[in-house]
Amino acid sequence: MNNLEMNETQETIYSSNNPLKYWLYVLKHSLDFKTRSPRKEFWMFYLGNIIVFVILISLLTLVLYIFKVTDYTQLVAIYSTFVIVWRIVLLLPALSLQTRRFHDLNKSGFYTILFFVCNFLLGYLSSFLEHVSEESSKFAIFVAIFIVCFLIDMWLFVLLGFIKGSAQENKYGPNPLA
């Protein structure tokens with residue numbers, strides 16, 4: 001796709017309020033880690049993601065109902081597998097979008113790695129803390145790491161979702177909304 005076609009696509013998508021169009025747009029640009037994305041693309045992608053997820057999980061539930069799958073263990077395994085596959089499939093598009101959002105803020109895409117690592121640690125530590133007693137010497141260390149990761153995650157989330165990008169061209173390219 002050349003630059004003219006890319007700009008026409010951006011103009012079309014950025015004038016839309018359809019979250020599913022944004023969702024598909026981000027999927028199509030999963031390998032773009034060099035340009036910029038505005039806040040609207042970030043929010044609309046995640047809104048579209050929720051819509052598609054709810055539709056797919058509803059269809060899965062319907063199929064399980066039709067096949068009379070009622071065993072709790074089987075249901076947990078099926079839904080857990082679905083969620084894991086869903087997150088793996090959307091990992092690259094999400095990382096790409098986050099990188100482009102940081103670029104829109106004229107920040108390095110390496111902040112995406114920090115965001116990813118903190119999210120991973122939060123998930124890992126939250127499940128790990130359930131199995132560590134409060135008397136353990138490791139408990140305080142894990143809680144401290146958890147709090148630091150949470151604060152970094154919130155800071156990066158505010159940057160991605162609420163801070164307006166550079167109005168002018170920056171080192172990552174022209175303003176996508178200009």
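**Figure 1. Aromatic pairs in the predicted model.** The structure holds 16 aromatic pairs. Rings of Phe, Tyr and Trp (its six-membered ring) pair if their centres lie within 6.5 Å; planes under 30 degrees apart count as stacked, over 60 as edge-to-face and the rest as tilted. One aromatic cluster is formed by Phe42, Trp43, Phe45, Tyr46, Phe157 and Phe162. This is a predicted model, in which local features need pLDDT of at least 70 and side-chain atom pairs count only at pLDDT 80 or more, while totals for chains, interfaces and linings use all residues. Residues are numbered from 1 along each chain as its sequence is written, and side-chain values use heavy atoms, with hydrogens and water left out.

**Figure 2. The protein chain as a whole.** The protein chain has 7 helices and 0 strands; helices (H or I, at least four residues) and strands (E, at least two) are DSSP runs, numbered from the N terminus. The C-alpha trace spans about 55 × 50 × 20 Å along its principal axes. Of the 178 residues, 35% count as buried, where buried means under 20% relative accessible area, exposed over 50%, and partly exposed in between (1.4 Å probe, protein chains only). Among contacts (heavy atoms within 4.5 Å) between residues at least 6 apart in sequence, 72% join residues at least 24 apart.

**Figure 3. Nonpolar cores.** A nonpolar core is a set of buried Ala, Val, Leu, Ile, Met, Phe, Trp, Tyr and Cys residues joined through side-chain atoms within 4.5 Å. The largest has 18 residues, and Trp23, Phe45, Trp86 and Phe102 have the most contacts inside it. Two or more residues each come from helix H2 (19-28), helix H3 (39-66), helix H4 (72-89), H5 and H7. H3 gives the largest share of this core, 6 residues. Another core, of 5 residues, lies apart from it and includes Tyr14, Tyr22, Tyr25 and Met44.

**Figure 4. Helix H6 and its cover.** Helix H6 comprises 19 residues (111-129) and should span 27 Å at 1.5 Å a residue; its end C-alpha atoms are 26 Å apart, which agrees. The expected span is 1.5 Å times one less than the number of residues. Thr112, Phe115, Cys118, Leu122, Leu125 and Leu129 are buried in H6. Helix H5 (91-104) and helix H7 (137-162) are among what covers these buried residues.

**Figure 5. The largest pocket.** Its volume is about 780 Å³. On a 1 Å grid over the protein atoms alone, a pocket is an open set of points with protein on both sides within 12 Å along at least five of seven lines, and lining residues have an atom within 4 Å of a point. Grid points are joined across faces, edges and corners, and a volume is the space filled by probe spheres set on the points. Of the 24 lining residues, Arg87, Leu91, Ala94, Gln98 and Asn119 are the closest to the centre. H3 supplies the largest share of the lining, 7 residues.

Figure 6. Ser16 sits in the loop between helix H1 (3-14) and H2 and counts as buried because its relative accessibility is 9%. Lys68, in the loop between H3 and H4, has a phi near 55°, a positive value in a residue other than glycine. Lys68 is exposed, with a relative accessible area of 67%. Asn106, in the loop between H5 and H6, has a positive phi near 60° and is partly exposed at 37% relative accessible area.

Terms used. 1 Å grid on protein atoms, 1.4 Å probe; cavity = no way out; pocket = protein on both sides within 12 Å on 5 of 7 lines; lining within 4 Å.
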